[in-house]
Amino acid sequence: PCSITFTSTASGGVPPYTYTWSLNSSTYYTGTNVWTRQFTTAGIKTVTAWVVDSQNQSASQDIFVTIN
């Protein structure tokens with residue numbers, strides 16, 4: 001198993017921000033800008049970080065992780 005901590009930093013927009021994290025298109029966590037995930041299987045994983053500000057403006061970023 002492998003544990004990875006992801007951190008998202010928002011700029012612009014109007015705080016406060018809400019963060020949502022997903023793994024391979026399934027939502028796993030909504031809350032803070034830091035998310036730790038343990039991976040137990042090998043393969044290429046797609047982690048997506050979404051941020052929404054108080055004016056409902058959003059942005060997202062995909063992160064590709066290879067687990068051996």
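**Notes on this predicted model**

1. Residues are numbered from 1 along each chain as its sequence is written, and side-chain values use heavy atoms, leaving out hydrogens and water.

2. Asparagine 24 sits between β2 and β3 (26-31) (strands are DSSP runs of E, at least two residues, numbered from the N terminus). Asparagine 24 has a positive phi of about 50° although it is not a glycine. Serine 25 lies in the loop between β2 and β3 too, with a positive phi of about 75°. Serine 25 is exposed, at 74% relative accessible area.

3. Now look at another loop, the one between β1 and β2, where you will find proline 16. The peptide bond from proline 15 to proline 16 is cis, with omega near 5°.

4. Which residues make up the largest nonpolar core? There are 11 in all, including Phe6, Trp21, Leu23, Trp35 and Val47 (a nonpolar core is a set of buried Ala, Val, Leu, Ile, Met, Phe, Trp, Tyr and Cys residues joined through side-chain atoms within 4.5 Å). β2 (18-23), β4 (34-39), β5 and β6 each give two or more residues to this core. In soluble globular proteins, nonpolar side chains tend to be buried together.

Notes
This is a predicted model: local features need pLDDT of at least 70, side-chain atom pairs count only at pLDDT 80 or more; totals for chains, interfaces and linings use all residues. Buried means under 20% relative accessible area, exposed over 50%, partly exposed in between (1.4 Å probe, protein chains only). Helices (H or I, at least four residues) and strands (E, at least two) are DSSP runs, numbered from the N terminus.
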